[in-house]
Amino acid sequence: MFTLVNGLTTGMAVFLVAAGLTLVFGIMRILNFAHGAFFMIGAYVASTLVGSAPRSVLALIAAAVVAALVVGVLGIVVQRFVLRRIQHVDEHYMLIATFAVMLVCVGFVKLIWGLEFLSVDPPPGIDTGVDIFGLFVPSFSLFIIGSGVVVFLVLDFVIHRAWTGKMITAIARDGWMAELLGINVPAGIMAAVGGSFALAGLAGGLLLPNQTLSPALGDTFLLLAFITVVIGGLGNVRGAFIAAILLGLIDGLNTMFLPAYPGVAIYVGMVAFLLMWPNGILGESRL
């Protein structure tokens, strides 16, 4: 039971970060190296709003939403001045460009917030634990699991049910035809990219408690987010959700049976998944 809860907590934390990453890949086919940096900026923005001890869960969620808006705006700026200019060039240039954006973001964080390590406590209400079938489960773990599920359901609804999602899907699959049908493709891409960056900021705010804030925070989750996106199927949000759960459970089993080798099972699992499903569990998708 403990391994299950711990694995789901890790999985949903990774999914919160990977959601925006797989969204921007599904639209623009860009593996955004700067995604972790914007997750970090979201965490710093939220920490500035709530301090080291948020007054309530609502205050933490409100700070995460504000962080999402701030990072979303920054994402639109990046789309306007960087991503749009390299949209049709070789993918290697995109990787280099997003890596450069990541370096700029890290420098920006060092300039504004400094190099000191910061920490934020969980707010009252999720700072203790609950008893589930005789097992003590941290309330913050349940908060992360619930947040991951809610973000997935909202994102899945928007992509597959809402008119906006259908418009973005049409752009991702055939931008030329979508433009002929009267869809404002540049505006749609800008909105979708801004949304994907906003998801990174939201994740930074929601995962803020119990994190050690530093300019290297983004690296902690970025690699796992990339693995999740690859295993789930590039650009496939549903695949990313399933992959995040599986990786979380694998990591939980790793902690239980191989505590001296943390994280090893995730890489073994990634190789096994790719051997069985080279295009990802649900296959590559353009949303």
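**Helices, a salt bridge and a nonpolar patch**

Gly-269 sits in helix 11; helices here are DSSP runs of H or I with at least four residues, strands are runs of E with at least two, and both are numbered from the N terminus. The model is a predicted one, in which local features need pLDDT of at least 70 and side-chain atom pairs count only at pLDDT 80 or more, while totals for chains, interfaces and linings use all residues. Residues are numbered from 1 along each chain as its sequence is written, and side-chain values use heavy atoms, with hydrogens and water left out. With 10% relative accessibility, Gly-269 counts as buried (buried is under 20% relative accessible area, exposed is over 50%, and partly exposed lies in between, using a 1.4 Å probe and protein chains only). From Gly-269 to Met-102 there are 167 residues in sequence and 28 Å in space, C-alpha to C-alpha.

Stepping back to the whole chain, the count is 11 helices and four strands. The radius of gyration is 19 Å, close to the 19 Å that the globule rule gives for 287 residues, so the chain is as compact as a globular protein of that length (the radius is taken over C-alpha atoms, and the rule is 2.2 Å times the number of residues to the power 0.38). Along the principal axes, the C-alpha atoms fill a box of roughly 60 × 45 × 35 Å. Of the 287 residues, 52% are buried. Among contacts (heavy atoms within 4.5 Å) with a separation of 6 or more, 78% come from residues 24 or more positions apart. The chain exposes about 13,500 Å², and 71% of that comes from carbon and sulfur atoms; accessible areas come from the Shrake-Rupley method with a 1.4 Å probe, and for residues only the protein chains shown count as cover.

Part of that surface is a nonpolar patch of about 710 Å², built from Leu-253, Met-256, Phe-257, Leu-258, Tyr-261, Val-264 and Val-268. Patches are made of residues with over 30% relative accessible area and no salt bridge, joining like charges within 9 Å and nonpolar side chains (Val, Leu, Ile, Met, Phe, Trp, Tyr) within 5 Å. Two helices, helix 10 (237–257) and helix 11 (264–276), each give the patch at least two residues. Helix 10 has the largest share, with three residues. Tyr-261, for its part, lies in the loop between helix 10 and helix 11.

A search of the whole structure finds one salt bridge, meaning a side-chain nitrogen of Lys or Arg within 4 Å of a carboxyl oxygen of Asp or Glu. The partners are Arg-238 and Asp-156, whose side chains meet at 2.6 Å, N to O. This pair ties together distant parts of the chain, with Arg-238 in helix 10 and Asp-156 in helix 5 (residues 139–160), 82 residues apart. Arg-238 is partly exposed, at a relative accessible area of 37%, whereas Asp-156 counts as buried at 15% relative accessibility. Val-237 also belongs to helix 10, and with 4% relative accessibility it counts as buried. Val-237 is 24 residues from Leu-213 in sequence and 27 Å from it in space, C-alpha to C-alpha.

Gly-7 is part of helix 1 (residues 2–28) and counts as buried, with a relative accessibility of 0%. Once neighbours within four places in sequence are set aside, Gly-7 is in contact with Gly-248 and Leu-249. A gap of 138 residues in sequence separates Gly-7 from Ile-145, yet their C-alpha atoms are 9.9 Å apart.

Helix 2 (residues 35–50) holds Ser-47, which counts as buried at 10% relative accessibility. The Ser-47 side chain reaches the backbone oxygen of Tyr-44 at 2.8 Å. That is a polar contact, a pair of N or O atoms within 3.5 Å; within protein, one must be able to donate a hydrogen and the other to accept it, and residues adjacent in sequence count only if both atoms are side-chain atoms. Leaving out residues up to four places away in sequence, Ser-47 touches Val-120, Leu-208 and Leu-213.

In helix 3 (residues 57–83) lies Ala-59, partly exposed with a relative accessible area of 24%. Ala-59 and Phe-143 are 84 residues apart in sequence, with 14 Å between their C-alpha atoms.
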